[in-house]
Amino acid sequence: MKDIKGTTNVCCLIGNPVAHSISPLIHNTLAQLRGDDLVYVPFKVEENRVEEAVKGAYALNVLGMNVTVPHKQHVLQALVETDSIAQAIGAVNTLVRTTKDGISGYKGYNTDILGLERELEDVGVSLKDKEIVLLGAGGAARAIAFLCVQKGASQVVILNRTISKANSIAVAVNQYFNQSIVKAMDIKDYDKMALNDYIAIQTTSVGLHPNNDDVIICDDQFYKNAAAGVDIIYNPSTTKFMKLMHKHGKPAYNGLKMLLYQGIAAYELWLNCTITKEMADKVYDVMEKNCFAAFRNEDK
Ligand code: ATR
């Protein structure tokens, strides 16, 4: 058991539910590997009590916080400062203690996009000058669309069942960067995109355990035309979307590294440190063992 002392720093997660979160595993493993005097705990917080929770955490000297569903947008109101791209995305998942204009509280960041950025770097996929197809237009897609343009994508097409949601992301991103790189399309029209060698990023919940055989687009041609695929789902570890990419000889990655690196980016902000690739790999091994053992048990 961890040796908790009077000096031990506390970091936490707020969300609802939090019971199945992998974040405690990521952060407590990091603290253990680095020998940091830090413990990370999950707190279930009701939707109408987010502000109270953030103020209370500050008063309790909580060093850093993660915020998960359903509080990522609503928590913005409880912050004294928000990182500029996180503000434009309209969602934060990491809070760092700060004082702005004499007011103390937390500053919000979005490390979800840093997570995907580092996953892509890790697997050698660059977004620069690439055409990107984003499948889905929920909160994750919104953050990823910002990342794609920030990283120099030449074009981003958002395919969604509800086109108005894809449109609203396209407008927000194009406005923020003052460019017209992002376009929205009805997912039914995917075969009219006229793109080739694109990176397809799957952000919908289609294919998530236990619906492992579901996939958002089943047409082989969509996968033949792609250069690589990323699915933000990590349970199952190989989704149907990834299998279809593999079938056509295209590399495809799941979302476990994105999850790892969003945690690492948060930890680095809290402790003002740099986590090495070797250490990240060690945490990834622990995550794989724990998560996939748990998933396998669920499948039985
Ligand atoms: P998150 O915030 O985690 O990204 P979300 O907001 O629930 O999740 O978004 C889920 C995405 O998956 C949406 O783009 C949703 O499409 P709609 O905007 O049309 O609802 C998409 N999605 C979920 N189930 C789907 C299905 N069966 N077919 C097509 N799209 C689906």
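F146 is buried, at 0% relative accessible area (buried means under 20%, exposed over 50%, partly exposed in between; 1.4 Å probe, protein chains only). The model is predicted: local features need pLDDT of at least 70, side-chain atom pairs count only at pLDDT 80 or more, and totals for chains, interfaces and linings use all residues. Residues are numbered from 1 along each chain as its sequence is written, and side-chain values use heavy atoms, with hydrogens and water left out.

**Aromatic pairs**
- Rings of Phe, Tyr and Trp (its six-membered ring) pair if their centres lie within 6.5 Å; planes under 30 degrees apart count as stacked, over 60 as edge-to-face and the rest as tilted.
- The count by this rule is 9 aromatic pairs.
- Y58 and Y106 form an edge-to-face pair, because their ring centres are 5.5 Å apart and their planes stand at 85°.
- This pair links distant parts of the chain, 48 residues apart: Y58 sits in helix 2 (residues 50-59) and Y106 in strand 6 (residues 103-109). Helices (H or I, at least four residues) and strands (E, at least two) are DSSP runs, numbered from the N terminus.
- Y58 is partly exposed at 22%, while Y106 is buried at 1%.
- F146 and Y176 are also edge-to-face, since their centres are 5.6 Å apart and their planes at 70°.
- F146 belongs to helix 5 (residues 139-150) and Y176 to helix 6 (residues 163-177), so the pair ties together parts 30 residues apart in sequence.
- Y176 is partly exposed, at 34% relative accessible area.
- Y190, Y198, F222, Y223 and F241 are linked into a cluster by ring pairs.

**Charges over rings**
- R97 lies over the face of Y58, 3.7 Å from the ring centre (NZ of Lys or CZ of Arg within 6 Å of the ring centre and within 35 degrees of the ring normal).
- K257 lies over the face of Y284, at 5.1 Å from the ring centre.

**Nonpolar cores**
- A nonpolar core is a set of buried Ala, Val, Leu, Ile, Met, Phe, Trp, Tyr and Cys residues joined through side-chain atoms within 4.5 Å.
- The largest core has 36 residues, of which V156, I158 and I201 touch the most other members.
- Helix 5 gives the most to this core, with 8 residues.
- V156 touches I132, L134, C148, V149, I181, V182 and K183, leaving aside residues up to four places away in sequence (contact means heavy atoms within 4.5 Å).
- Another core, of 29 residues, lies apart from it and includes L260, Y261, W270 and C273.
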